[in-house]
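The stops below go one by one.

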Amino acid sequence: MRRHGRSQESEADARDGHPHRPPLRPQADPQAARLAAGGRMTPDAALSLQGSAGNAAFVAVQRTPRGGDNGEGPAEEKPMDGLSRLRRANARAEKRGQAAPTLGQADSPFGAYTVNKGRGAGPYITSNVKHQHPGSESLGTTYDELVKALDAEHLPLVAQAARSGTELDEEILGTMDATQRRAATMLYGIMTQSEERRFPGAGKAMRSALTKQGDPYHEADEFEQDFPMGKVGGAQYYREVLAGKKQLSDKARKNLEDMSSSSSDEERSS
């Protein structure tokens, strides 16, 4: 299972080579800091790029023309702040619209789930052991329980599953046990059926937060900080942010800045 928190014991495990407990995030390289300071990438994204692709990737990114600068390239290529991304995702989702949910059993790439009538705009998602996920263990319905039931590598797969036309990594899918498939199913249903109806555009923000969970240094407890709709009143929080009544927290803002800006990156129809 993924990490639920960091402690002195877990750091000791990391030093001893425990495969699921990497050391705490190292200090950012000066080159990563320069790239981030230039507005080209967020600090974490810059560090991640350097770690995974090496310094050559930094050079390529630094030399890539920035849209809108000096009149070269379309203006929409220029990095957007979190508020602007939230506003654009919401406007696009509102324009697309969404039909009323179909109550009853629905399917996901991970298994079946049930769409129930909710108290507000979004339906309530459940699953069961007997007919839908035999062999799975008891599982709650909160984000905290669902996210922590999955390994770090599984959560980006849930985000990918919600993208229209995306093929999933069968090798990673094959590592999921019955309980993990059930948790993934629940997250998929909540993301595509419920949250998007509570606040149009939220599905995109949730995919970004799930993708962040694939980083072994990003804790499960940070999910609801990245995606405030996981908390009570989260949809209203986003609405008040758009109305200028509240400000985005640092983590919520960064999550929005890191989400895809492509209009073709849409959810599967639900």
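Leaving aside its neighbours within four places in sequence, which residues is Phe110 in contact with? Select Phe110 and look around the side chain. Contact means heavy atoms within 4.5 Å. The partners are His133, Leu157, Val158, Ala161, Leu168, Leu173, Met176, Arg181, Ala184, Thr185 and Tyr188.

A word on the model before moving on. It is predicted: local features need pLDDT of at least 70, side-chain atom pairs count only at pLDDT 80 or more, and totals for chains, interfaces and linings use all residues. Residues are numbered from 1 along each chain as its sequence is written, and side-chain values use heavy atoms, with hydrogens and water left out.

**Whole chain**

Zoom out. The chain has 13 helices and three strands. Helices (H or I, at least four residues) and strands (E, at least two) are DSSP runs, numbered from the N terminus. Of the 270 residues, 44% count as buried. Buried means under 20% relative accessible area, exposed over 50%, and partly exposed in between, with a 1.4 Å probe and protein chains only. Of the contacts between residues at least 6 apart in sequence, 62% join residues at least 24 apart.

**The sheet**

Select the three strands. They form an open antiparallel sheet in the order E1-E2-E3. Its edges are E1 (104–108) and E3 (124–126), each pairing on one side only. Neighbouring strands are turned by 35 degrees against each other on average, direction ignored. Strands pair if DSSP finds at least two bridges between them. Now take E2 (residues 111–116): three bridges join E2 to E3. Show Thr114, and find Thr126 of E3 opposite.

Axes are lines fitted to C-alpha atoms, for helices over the stretch in contact, and angles run from 0 to 180 degrees between N-to-C directions.

**The core**

A nonpolar core is a set of buried Ala, Val, Leu, Ile, Met, Phe, Trp, Tyr and Cys residues joined through side-chain atoms within 4.5 Å. The largest one here has 48 residues. Select those with the most contacts inside this core: Phe110, Val158, Leu187, Met206, Leu210, Phe227 and Tyr238. Elements giving two or more residues include H5 (82–96), H6 (143–148) and H7 (155–161). H9 supplies the largest share, seven residues.

Which residues of H10 are buried? Select Ala202, Gly203, Lys204, Ala205, Met206, Arg207, Ser208, Ala209, Leu210 and Lys212. Ten of the eleven residues of H10 are buried, so this helix is largely enclosed by the rest of the structure.

**Aromatic pairs**

Rings of Phe, Tyr and Trp (its six-membered ring) pair if their centres lie within 6.5 Å; planes under 30 degrees apart count as stacked, over 60 as edge-to-face and the rest as tilted. The count comes to six aromatic pairs. Show Phe223 and Phe227: their centres are 6.0 Å apart and their planes at 55 degrees, so the pair is tilted. Phe223 is buried at 1% relative accessibility, and Phe227 is buried at 0%.

Go on to Tyr237 and Tyr238. Their centres are 6.1 Å apart with planes at 35 degrees, so this pair is tilted. Tyr237 counts as buried at 15% relative accessibility, and Tyr238 is buried at 0%.
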